[in-house]
Amino acid sequence: MTATTPAGTATTRPEQRFRRDAVGAIVIREWKVFKRVWRSLMFGSVVEPVVYLLAFGFGFGALVAEVGGIPYLDFMATGSAGIAVLFTGFFPGFINGYFRRKENHLYDGVMSTPTTVAEIVTGEAVWTGIRTAGAAVITLAIAAVFGVDLRWSVVFAPVIGFVGGFGFACLGAAFASKLRSTHQFDFVISGVVVPMFVVAGSFFPLEDAPAWLRYPAAVNPLTHVVDLFRAAAFGVGDATSIAINLAVLGFSVGLSWLLAVRWLRKALVS
C-alpha cells in the first residue's frame, strides 16, 4: 500500500520540523544527566568566582580604586559573572557535543527517532542556558557576600545569563561539529575561547584599550553580556548602549544557533 498526500495539503520535510515537546524531552534528558554530576559542577560554580574575586578583585583592587566610576571589586564581580556564563555555556556544547557525535554516537541514536537536529541543538542549549543563569546568580550572590552593592535591577541577571549561555552553548556545538579528533580542541580553545575571555572588558576597561583591540571586543558577545550585567547590577550605561548590547547579543545568539544546526546536520549526514 502506498501512502498518498491529499491534494492541497502542505507537507513538512522531517529536517524542518520543530516541536516543543521534542525540545522538552531533550531538556529533561539533560536534567537527568545533571543530577548524576551536579556536585562537581556546583563546586566549580562556587569556587571559580571566589578565586576571581580574591585574586583579581582584592589583589588588583588594592592597586586600582575605581574603573568607569565603580569600585574595581564591583567591576570584577560582573566580569566574573560574564566569565561564568561563557565557561558554563561554551564547554558543555563544545566538549559534550564532540563526544556525543564522534565518540559515543549518542546523536545517531537520537536521530533514529523523529527528533531533528534543530530540536537537539535547541534542547541542549536551553538546558545549558538554565545552568548559566544559575551560575550568574551564584557568582553575583557570592559577590554580594564580599561586599558588592547590587541594585534591585540585578533581578534581570538570570535572563542575561540564560540568553548569553544559550548563545555560547550553540557556538560551542557549532565548533564541536567541525572537529575530527580531540587533538583539535586546542585550536578552538586557544583561538576562540581565550581571546573571547580576555578581550571582553572583564578584567580591564576597554575604553582605555588600544583602538585595534576595541574592534574585536565590539563584536565579542561576551563583551555585551558583561556590559548588560553591569547595567543591571549598577545602572551603568545609557539606553542607547544597552540597546546596542541587546542587538549585538541577539544577533550573535541567532547566528550561533543557525551555524550549530547547519554544521551539526552536515556532520551527522556525512
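Biologist: Where is confidence lowest and where is it highest?

Modeller: Strand β1 (residues 66-67) is lowest with a mean of 79, and helix α5 (residues 157-176) is highest at 96. Over residues 1-9 the pLDDT is below 50, and that stretch has 1 contact in the model beyond near neighbours in sequence; contact means heavy atoms within 4.5 Å. Where pLDDT is low, the predicted coordinates should not be read in detail.

Biologist: What ground rules apply to the numbers?

Modeller: Residues are numbered from 1 along each chain as its sequence is written, and side-chain values use heavy atoms, without hydrogens and water. Local features need pLDDT of at least 70 and side-chain atom pairs count only at pLDDT 80 or more, while totals for chains, interfaces and linings use all residues.

Biologist: How many helices and strands does the chain have, and in which pattern?

Modeller: There are 9 helices and 2 strands, where helices (H or I, at least four residues) and strands (E, at least two) are DSSP runs numbered from the N terminus. Along the sequence the pattern reads α-β-β-α-α-α-α-α-α-α-α.

Biologist: Why is the chain called as compact as a globular protein of that length?

Modeller: The radius of gyration, taken over C-alpha atoms, is set against the globule rule, 2.2 Å times the number of residues to the power 0.38. For 270 residues the rule gives 18 Å and the chain has 20 Å, which is close, so the chain is as compact as a globular protein of that length. Its C-alpha atoms fill a box of roughly 80 × 40 × 35 Å along the principal axes. Of contacts between residues at least 6 apart in sequence, 80% join residues at least 24 apart.

Biologist: What makes I83 buried?

Modeller: Buried means under 20% relative accessible area, exposed over 50%, and partly exposed in between (1.4 Å probe, protein chains only). I83 has 0%, so I83 is buried. This residue of helix α2 touches Y52, F197, S202, F203 and L222, not counting residues up to four places away in sequence. Buried residues make up 46% of the 270 in the chain.

Biologist: How do you know whether S80 is buried or exposed?

Modeller: Its relative accessible area is 2%, so S80 counts as buried. S80 lies in helix α2 (residues 72-103) and, leaving aside neighbours within four places in sequence, is in contact with Y52 and T139.

Biologist: What value does S256 have, and what surrounds it?

Modeller: At 8% relative accessible area, S256 is buried. S256 sits in helix α9 (residues 239-269), in contact with G167, C170 and L171 once neighbours within four places in sequence are set aside. S256 and L171 are 85 residues apart in sequence, with their C-alpha atoms 4.9 Å apart in space.

Biologist: Why does S181 count as partly exposed?

Modeller: Its relative accessibility is 22%, so S181 belongs to the partly exposed class. The C-alpha atoms of S181 and F99, 82 residues apart along the chain, are separated by 9.5 Å.

Methods. pLDDT = per-residue confidence, 0-100.
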